[in-house]
Amino acid sequence: MVNNKMCVGIIKDEMMCRIDPDLHETAIEKTGCRTMDFTKRPMRGYVMVDDTGMKTKKGFDYWINLSLDSIVKPKLQ
């Protein structure tokens, strides 16, 4: 949780990331990423990343920073 909003989490073996909805289509093109459909409904602005998308520190940091940016930056503008 960041600023009382869900940011990242773990569901089974995947990391759930809240991202800027405007970046959703670009994000799901990345290795290991797919649209979150936890309730069987696709959720724009939420993605699931499997281990192939975060096996390096750089990959892991990318998703964490993308999620943080989606929550923190709007507050700064």
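Trainee: Okay, where is the place of Ser67?

Mentor: Keep in mind that we're looking at a predicted model. Follow the chain along residues 57–76 and you'll find Ser67 there, in helix 2.

Trainee: Is Ser67 buried or exposed?

Mentor: Its contacts beyond four places in sequence are Cys7, Val8, Cys17, Arg18 and Ile19. For the call itself, use the cut-off: buried means under 20% relative accessible area. Ser67 comes out at 0%, so it counts as buried.

Trainee: Which element gives the most to the largest nonpolar core?

Mentor: That core has eleven residues, among them Met15, Cys33, Val47 and Trp63. Strand 2 (14–18), strand 4 and helix 2 each give two or more residues to this core. With three residues, the top contributor is helix 2.

Trainee: And which residues does Cys33 touch, leaving out those up to four places away in sequence?

Mentor: Cys33 is itself one of the eleven in that core. Skipping the sequence neighbours, Cys33 touches Ala27, Ile28, Val47, Met48, Val49 and Trp63.

Trainee: What about the backbone: what is the phi of Lys40, roughly?

Mentor: Most residues other than glycine have a negative phi. Lys40 lies in the loop between strand 3 (33–36) and strand 4 (43–49), and it's exposed, at 75% relative accessible area. Though not a glycine, Lys40 has a positive phi of about 70 degrees.

Trainee: Is Asn4 buried or exposed?

Mentor: Asn4 sits in the segment before strand 1 (8–11), and it has a positive phi too, about 60 degrees. Exposed means over 50%. Asn4 has 74% relative accessibility, so it counts as exposed.

Notes
Residues numbered from 1 in each chain as written. Predicted model: local features only at pLDDT ≥ 70, side-chain atom pairs only at ≥ 80, totals over all residues. Heavy atoms only, no water. Helix = DSSP H or I, 4+ residues; strand = E, 2+ residues; numbered from the N terminus. Buried < 20%, exposed > 50% of the residue type's maximum accessible area, 1.4 Å probe, protein only. Contact = heavy atoms within 4.5 Å. Core = buried A, V, L, I, M, F, W, Y, C linked by side-chain atoms within 4.5 Å.
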